[in-house]
Amino acid sequence: MPGNDADRATILNQVFALEEAAGWDALRDLFQHAGGERPPVDWTLPLAACQAVGGPQEAGLPGAAAIACMQVSIILVDDMLDEDPRGEHHRLGVGKTANLAFALQ
């Protein structure tokens with residue numbers, strides 16, 4: 001069943017296999033913070049969808065990685081708009097945080 005620690009690691013590995021993200025430790029930290037201890041259920045929906053139609057769960061990895069990237073992007077922007085005191089924009093600055101959010105999209 002999707003949503004376990006192995007799925008989280010597999011989804012994050014898919015993201016960080018991208019040349020643009022490989023070795024970007026600060027980005028890895030953002031994903032760890034956004035995902036908590038387990039991957040959010042919506043990150044794993046493509047895995048479950050592939051399983052539901054009889055396909056291999058791994059076929060949903062690109063979709064899962066895309067959802068993870070979008071969700072982290074949304075969190076970054078939402079924290080800026082809400083002036084969340086825990087938001088990354090306080091550490092990185094608003095401009096860098098906005099650019100990072102766009103890059104994840």
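In these legends, a residue counts as exposed when its relative accessible area is over 50%, and as buried when that area is under 20%. The model shown is a predicted one.

**View 1. The cavity inside the model.** Searching the whole structure for cavities of 30 Å³ or more turns up 1. The volume of the largest cavity is about 60 Å³. Its lining is made of 10 residues, and those closest to the cavity centre are L30, H33, I75, L76 and E88.

**View 2. What the cavity lining is made of.** Here we look at the lining of the largest cavity by element and by residue class. Helix 2 (25-35) and helix 4 (61-81) each provide at least two of the lining residues. Helix 4 is the one that gives the most, with 4 residues. Sorted by class, the lining holds 5 nonpolar, 2 polar and 3 charged residues.

**View 3. D84 in its loop.** Our last stop is the loop that runs between helix 4 and helix 5 (89-92), where D84 is found. Is D84 buried or exposed? With a relative accessible area of 13%, D84 falls under the 20% cut-off and is therefore buried. Setting aside neighbours within four places in sequence, D84 is in contact with D79, H89 and H90.

Key: Residues are numbered from 1 along each chain as its sequence is written. This is a predicted model: local features need pLDDT of at least 70, side-chain atom pairs count only at pLDDT 80 or more; totals for chains, interfaces and linings use all residues. Side-chain values use heavy atoms; hydrogens and water are left out. On a 1 Å grid over the protein atoms alone, a cavity is a set of points where a 1.4 Å probe fits but cannot get out, and a pocket is an open set with protein on both sides within 12 Å along at least five of seven lines; lining residues have an atom within 4 Å of a point. Grid points are joined across faces, edges and corners, and a volume is the space filled by probe spheres set on the points. Ala, Val, Leu, Ile, Met, Phe, Trp, Tyr, Cys and Pro count as nonpolar, Asp, Glu, Lys and Arg as charged, and the others, Gly among them, as polar. Buried means under 20% relative accessible area, exposed over 50%, partly exposed in between (1.4 Å probe, protein chains only). Contact means heavy atoms within 4.5 Å.
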